[in-house]
Amino acid sequence: GKVGDTLTCTADATDEDGDDIDYTYAWSTGAVGDSYSITTEDNPGDTITCTATATDATGASDTGTASATVDNTDPEMTSVAIAPESGTVGTMLTCSATATDADGGSPTLEYTWSTGGTGPTYVVADSDDPGTTIICTAMAMDADGGSASAAANALVTNTLPTFVSISVTPTPAAVGETVTCEATATDADG
């Protein structure tokens, strides 16, 4: 079972004298009773044993045991987000995630980007066309080999062109003279 599951111990005994039988149950965790709920104190791989004791009216008794192994519970992703949610060339996108693990402890987080990058940040490159969706996938891993993942999206938006130079010739110009204006601009989107 996993954290949160309830284990139930049942016993069946016979008495040759026909006496009524009273059953008691003790768990290797120190709990008593016919059921035990697995908690974060129980680690994946732990064996939890129930010892059942059957006692008749004369006080004669016999015991038997049954065991169950605690299974790992995979982490659970609680949130994944990219900030800002959109950006132009040169904008740094930051992916952040949170995860929990019912077994206790803090899962390790790793990030991968649809662009091939890794880590929690990605800078929008000139090769990322406007309108492209960039995806960050966050993966949570626990110490016992369990994992979970979730993703968030950011949109690449258009970068405005930038003037490199603007010139007017001739300078100064006379009345009636043809004036020429030349401009050079760049666009980070290509």
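Visitor: What makes strand S8 and S10 a pair?

Guide: In this predicted model, strand S8 (residues 92-100) and S10 are joined over three bridges. Two strands pair if there are at least two bridges between them, so S8 and S10 count as paired. The sense is antiparallel.

Visitor: Which residue in S10 is the bridge partner of Thr94?

Guide: The partner of Thr94 is Thr121.

Visitor: What is the order of the strands in the open sheet that holds S8?

Guide: The order is S6-S8-S10, with antiparallel pairing. Three strands form this open sheet.

Visitor: Why are S6 and S10 called edge strands?

Guide: Because each pairs on one side only. Strand S6 covers 76-83, and strand S10 covers 121-123. From one strand to the next, the twist averages 15°.

Visitor: Now the other sheet. How do you know that S4 and S5 pair?

Guide: Count the bridges again. Strand S4 (residues 47-56) and S5 have nine bridges. The cut-off is at least two, so S4 and S5 are paired. Their sense is antiparallel.

Visitor: What do strands of a sheet pair through?

Guide: They pair through backbone hydrogen bonds, either parallel or antiparallel.

Key
Residues are numbered from 1 along each chain as its sequence is written. This is a predicted model: local features need pLDDT of at least 70, side-chain atom pairs count only at pLDDT 80 or more; totals for chains, interfaces and linings use all residues. Side-chain values use heavy atoms; hydrogens and water are left out. Helices (H or I, at least four residues) and strands (E, at least two) are DSSP runs, numbered from the N terminus. Axes are lines fitted to C-alpha atoms, for helices over the stretch in contact, and angles run from 0 to 180 degrees between N-to-C directions.
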